[in-house]
Amino acid sequence: MSTTEATTTTPFGKIKIRTSGLVFCGTEVALLRRERPNSVHYTTVGGNVLPGEALPDALTRELKEELNLDPEHVAGAELLWLMDARLERPGPTPSPRKLHLIYRLHITPEIRAQLATEEYDELPDGGHEVGHVEWVDFRKTADLPLFPPIGAALSQLPSPDAPVTAFELAAITNDNYTWI
């Protein structure tokens, strides 16, 4: 390539992996509710895997950070779904392709009573965005503005511990996703 040619970035030249836990207590699942100036949206509890970090360790770390869930309660987590997100977002940096690994685990009401009710994400300016832990009946998640968009699949489970028939959920792209 000559020095006069413009360099372009390859869409999704970077892949990130995000682990999240669907933490069930009975028929309710813990979600993070985030309030924005013009909207409210929900996310699963979790975050990006750090370089060199094992997947179970990433899930355990994220559930400890966001819910204050002790590692021994995460040990039996079951990998439930995989979702491939190829969303191009506006901004100066290339959008990463993100693989969402969604785990399921169950806790007792006694453990739930000890969990955090708020989670704080650090913002680039040094401030924090508050996520409120909200327990939602899993059957009522289909119409929630939830990311990753698993509400329809989650609400269709016959029960919180029902086996799933399809491990990979439909990929999300700009063509089939409305930004929340």
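**Note on a predicted model**

1. N68 sits in the loop between helix 1 (55-67) and strand 5 (78-86); helices (H or I, at least four residues) and strands (E, at least two) are DSSP runs, numbered from the N terminus. N68 is not a glycine, yet its phi is positive, about 65 degrees. Most residues other than glycine have a negative phi, and most peptide bonds are trans.

2. This is a predicted model, in which local features need pLDDT of at least 70 and side-chain atom pairs pLDDT 80 or more, while totals for chains, interfaces and linings use all residues. Residues are numbered from 1 along each chain as its sequence is written, and side-chain values use heavy atoms, without hydrogens and water.

3. The peptide bond between F147 and P148 is cis, with omega at about -5 degrees. P148 belongs to the loop between strand 9 and helix 3 (151-155).

4. The count of aromatic pairs is 1 (ring centres of Phe, Tyr or Trp, its six-membered ring, within 6.5 Å; planes under 30 degrees apart are stacked, over 60 edge-to-face, the rest tilted). The ring centres of F24 and F138 are 6.0 Å apart and the planes stand at 75 degrees, so this pair is edge-to-face. F24 is in strand 1 and F138 in the loop between strand 8 (128-137) and strand 9 (146-147), so the pair ties together parts 114 residues apart in sequence.

5. I15 lies in strand 1, which covers residues 15-25.
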